[in-house]
Amino acid sequence: MLIWLTFIMPLLALVVTASGTPLVLAGWISAFAALVNVIIAAVLAAHAADGAPVIAIPHWLGANAFGALILLLETLGALTGLIFSIGFLAQHGTPAGRKRRYFIWFNLFLIALYAVPLLREIALVWLALTLTTLFSVFLVSFERTPAALEAGWKYALLTILGAAIAILGILLLYWAQSRAGFTIFTWGQLRASAPKLSPAILNIAFLLILIGFGTKAALIPFHAWLPDTYSRAPFPVCAMLSILESAAIPYVLLRIAAAVHLAPGSRADQWLILFGLVSAGGAALLILQTHEYKRLFAYSTIENAGIILTAGAMASSAARHAAIWQIISHSVTKPLVFYAAGIMFLLVGKLRISEVRGVLSRSPWIGTVMMAAGLAMAGAPPFALFLSELAILKAGLASPQAWAAILLACFMIISFCAITFHLFRMVLGKPGTSEATPDTLPTTIPRSCIAALIIAAVPVVILGWYIPAPLAHWLTAATTSLGGRMP
Amino acid sequence: MTPDKIAWINQLVLLTAGFFLLCSFGLIAASQVMGCLRIYVMQSLLLAASAVLLGIDYHSTDLWIVAAVAIIAKVLLIPFLLRRTARQAMIARRELQQVINVPMSLLIALALTVLAYYLVGPMLSETSPAVHANLPIGFAAVLIAIYTITVRREALPQMLSLLAIENGAFFAGIAIAPNFPLIGELAGTFDVLMVVLTLGVLSTQIHRLSGSTEVGTLSELMED
Amino acid sequence: MARMILFNLIQVAVVMFLSPLAVGILNRLKERVGSKKGPSIFQTYRDIWKLFHKDQILSSESTWIFRATPYVCFAAPILVTMLIPVLTSYPLFFAFMGDMIGGGFVLALGGFFATIAAVDTANPYGAMGASRTRMVGFLAEPVFMVVFFTVCFVANSTIPYIVQQKWVHPESNFFNPAHILVAVAFFMLILAETGKIPVDNPSGHFELAMIDESKTLEYSGSGAALMKWAGSMKFFVLLCIFLNVLIAPWGLASGTTLSDVLLAIPLIFIKILIAVGLIVIVESSLAKLRLFRITAFLGLAFVVAVAAVLTRMMTT
């Protein structure tokens with residue numbers, strides 16, 4: 001019932017928005033629906049962590065501990081994203097009809113996003129992931145400028161391309177299963193059948209799935225669409241895409257890998273580590289040379305996805321535990337960064353790093369918030385990512401893949417330096433006289449944006465100090481569901 | 001079934017596979033948007049034909065439903081939807097530009113076909129003749145279509161190549177996984193229709209805004 | 001033995017005397033499709049007859065090559081006729097002289113002479129047409145080779161009489177993709193080699209746009225008649241190879257009596273007519289390609305032929 005409610009809430013919000021309620025009201029109703037979903041997800045996570053998965057329809061719909069945790073992160077992001085959107089749209093000069101469609105697409109996107117961790121049939125998980133792309137295309141191209149449309153086109157084309165490659169991998173996976181005599185294609189069956197599958201098929205299948213979903217997660221070298229998309233999409237949409245890329249897709253990949261690596265002769269773990277390291281390292285270097293702060297955040301998302309995949313594939317359950325922890329802390333941190341940057345954008349109206357100077361002296365509180373959010377993203381204490389990255393390094397160095405952990409540490413340091421370098425250039429310094437604030441920019445920041453910022457900041461700060469006991473329990477349960485015992 | 005009948009079906013399965021591969025090549029060589037669409041429709045028809053033949057071969061009614069759905073969605077609905085959403089680009093009768101010229105592209109596509117055989121080779125032990133035909137051809141169709149996307153500059157041919165990838169995947173799929181849950185196949189078809197709608201609308205918006213659908217020339221977002 | 005020689009001569013006679021009719025029917029049908037009345041189907045015979053009765057004019061710039069070429073071009077298809085199955089499904093007396101590759105060489109020899117003769121006249125259009133023919137030719141060459149390799153790969157033989165049996169034993173072999181694709185590729189080659197749309201426009205009168213026709217512009221009288229006749233025979237022979245070797249041996253005489261062989265003549269001619277109808281459809285529905293798009297057309301033919309090899313590989 002609860003699982004059904006997860007889908008019904010955004011559907012209701014969708015109907016309300018489409019039926020012509022005033023726009024702000026529709027936005028708040030959507031946000032309220034997301035709030036209900038946060039509570040539902042928390043209850044689901046609590047139930048699922050106690051042992052058996054919560055099942056709505058056997059073989060089709062249900063949530064295990066890991067899935068419920070991902071759902072919780074998605075709903076949290078949706079809540080703050082919707083609240084931020086209300087203020088963001090209020091000062092945006094687009095026609096009302098397009099703003100209404102924004103909320104409609106947003107809710108549709110949420111339905112698809114929630115479906116990813118809740119579906120148990122793998123082919124349907126694939127469908128849900130593809131739908132997230134299709135429903136977010138018009139969110140990405142919301143501005144309707146040629147650049148935004150180009151970004152939307154690249155985004156749609158390349159991620160659907162990835163999905164089409166992934167379906168081939170999924171079909172091969174199913175083939176391997178049916179040749180071993182299994183006919184139900186769910187997560188549980190995949191795990192049960194894995195040791196009997198033919199490694200020749202399994203390896204190609206996993207590689208295709210990894211490339212396919214990796215394109216959607218913008219793993220390097222399949223990241224061609226990502227910088228453009230992030231630089232044109234509205235800030236809340238960027239936040240949601242970040243959660244999709246660094247929580248939902250790693251969830252799918254790690255779950256498939258956890259099953260597939262049980263097969264003798266499987267190379268799933270090596271490939272995950274390879275792609276993870278390339279992504280983390282490549283993204284760290286891309287952060288160094290980027291010119292736009294939204295792209296900087298985008299590259300940071302790739303880096304985190306890479307870190308998560310690498311850690312998740314190490315032969316140590318402590319590393320897997322830390323990987324899921326990293327998923328949590330990144331998914332709460334990245335929205336905060338985008339909201340802070342969104343507010344900063346309202347102040348300065350520029351996207352290029354070189355054109356943004358002295359935010360702190362123009363508006364002390366926005367400068368402070370941006371600085372704090374940026375440091376949180378870079379992985380500085382006392383914020384969430386610091387603890388989880390430390391946990392990854394600690395577990396990684398103790399695992400057989402210590403060399404990978406050492407590399408990860410180097411990449412983390414590079415990206416930390418690069419992010420703080422760009423951040424300091426934006427926040428500190430003196431605002432140049434030539435780039436005085438244009439008249440068109442609003443002088444006041446919408447209240448709902450600030451509200452979203454505050455709500456998003458709470459978990460980042462709390463998780464920077466400790467993990468609350470229930471969350472620690474859920475985290476452990478999620479690790480166990482991936483097949484690792486707790487350290 | 002008599003051995004004679006099995007031999008017939010096997011030959012026909014092989015034949016559809018051969019023509020399916022040809023359609024992939026045709027998608028590279030076609031010089032007009034309508035031509036691309038016709039080739040795509042033909043390829044979808046071949047997919048359906050292959051599904052019917054394999055349905056007889058494997059005694060699977062699921063595959064017949066797959067064939068029916070493929071015909072309804074890809075042969076009838078997609079051209080209809082495209083004419084509705086992207087009329088401007090559809091009827092434009094001008095020659096398409098390509099990044100790499102056609103003969104060179106065709107040779108690269110041939111190399112990709114050989115690569116596909118090489119990739120699936122290890123998987124083909126102890127399998128039926130249908131798998132021998134459809135799996136490598138489906139793989140090759142996927143690779144060729146990916147290549148086609150990269151050399152095409154116009155919106156609609158890119159999109160049709162995207163759909164051709166999906167066709168290739170399911171062409172392999174109907175042979176290797178005839179019992180694949182029907183819902184999965186339906187999901188794939190639904191996905192294809194959504195892709196057509198979304199990208200069709202998007203390409204129309206691009207056309208309205210920039211006066212052309214040559215997405216390859218859009219380069220406003222190049223990182224400097 | 002004597003009977004085999006007789007059959008062989010009948011075969012040659014069929015090619016020599018029916019080929020202008022096939023070309024006449026093709027031209028007439030094309031005009032009819034274009035809503036025109038069109039020339040009589042016997043017009044080609046009349047043209048050849050008329051040309052034989054006219055004086056021949058030779059350019060003072062030309063050499064013996066120009067004079068010898070009509071005879072070489074005329075002899076080449078006749079030689080090939082002796083090698084291939086035109087009426088019978090069993091080898092005749094001269095069939096031992098060469099296989100399909102040998103036949104290909106002989107045909108190519110005729111083409112080679114036609115090309116250098118065109119250059120020999122010092123007429124600028126001739127040289128232009130020759131270079132274009134060579135361009136088409138050297139693009140077509142790899143396709144020919146792959147087609148022959150595929151055929152040999154499937155049939156394990158280069159002898160046309162063995163190949164043709166392979167396609168129908170067992171009957172389901174007819175639908176072997178290698179077979180169909182090879183046939184498609186070869187059909188595209190026929191269009192290119194005999195100067196049909198979309199590669200060349202055989203009824204065009206604009207010298208600058210000609211490919212095949214411009215080579216024979218300088219011939220007059222009996223030379224022109226021989227070239228014209230040779231052209232229609234080459235077309236007929238290629239169709240025979242296509243229909244009898246690469247498609248199926250249906251309609252060929254398998255018995256060794258004279259009546260069997262005579263009965264085969266109308267059957268084969270019906271097959272030829274079907275192919276002619278196909279060519280008319282292609283020629284009427286397509287437009288001539290730009291010169292530099294011809295590479296794409298022949299590239300496609302090449303790909304089709306290689307696809308035939310690949311599909312052959314997957315059946316093993």
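My entries on the chains and on one helix pair follow.

**Ground rules.** I am working with a predicted model, in which local features need pLDDT of at least 70, side-chain atom pairs count only at pLDDT 80 or more, and totals for chains, interfaces and linings use all residues. Residues are numbered from 1 along each chain as its sequence is written, chains are lettered from A and ligands numbered from 1 in the order in which they are written, and side-chain values use heavy atoms, with hydrogens and water left out.

**Chain A.** I looked up the secondary structure and found 19 helices and two strands (DSSP runs numbered from the N terminus, helices being H or I of at least four residues and strands E of at least two). The C-alpha atoms of chain A fill a box of roughly 70 × 50 × 45 Å along the principal axes. For its 487 residues a compact globule would have a radius of gyration near 23 Å, and chain A agrees with 21 Å (taken over C-alpha atoms; the rule is 2.2 Å times the number of residues to the power 0.38). I noted 66% of the residues of chain A as buried, meaning under 20% relative accessible area with a 1.4 Å probe, protein chains only.

**Chain B.** Here I found eight helices and zero strands. The box for the C-alpha atoms of chain B is roughly 60 × 35 × 30 Å along the principal axes.

**Between chains.** Which chains share the most contacts? Of the two pairs in contact, I found that chains A and B do (contact means heavy atoms within 4.5 Å). No contact joins chain A and chain C, and their closest C-alpha atoms lie 18 Å apart.

**A helix pair in chain A.** I then turned to α13(A), residues 317-348, and α18(A), residues 447-465, which pack at about 145° with axes 9 Å apart (axes are lines fitted to C-alpha atoms over the stretch in contact, and angles run from 0 to 180 degrees between N-to-C directions). The residues that meet include Leu336(A) and Tyr339(A) from α13(A), and Ala456(A) and Val460(A) from α18(A).

Notes:
Buried < 20%, exposed > 50% of the residue type's maximum accessible area, 1.4 Å probe, protein only.
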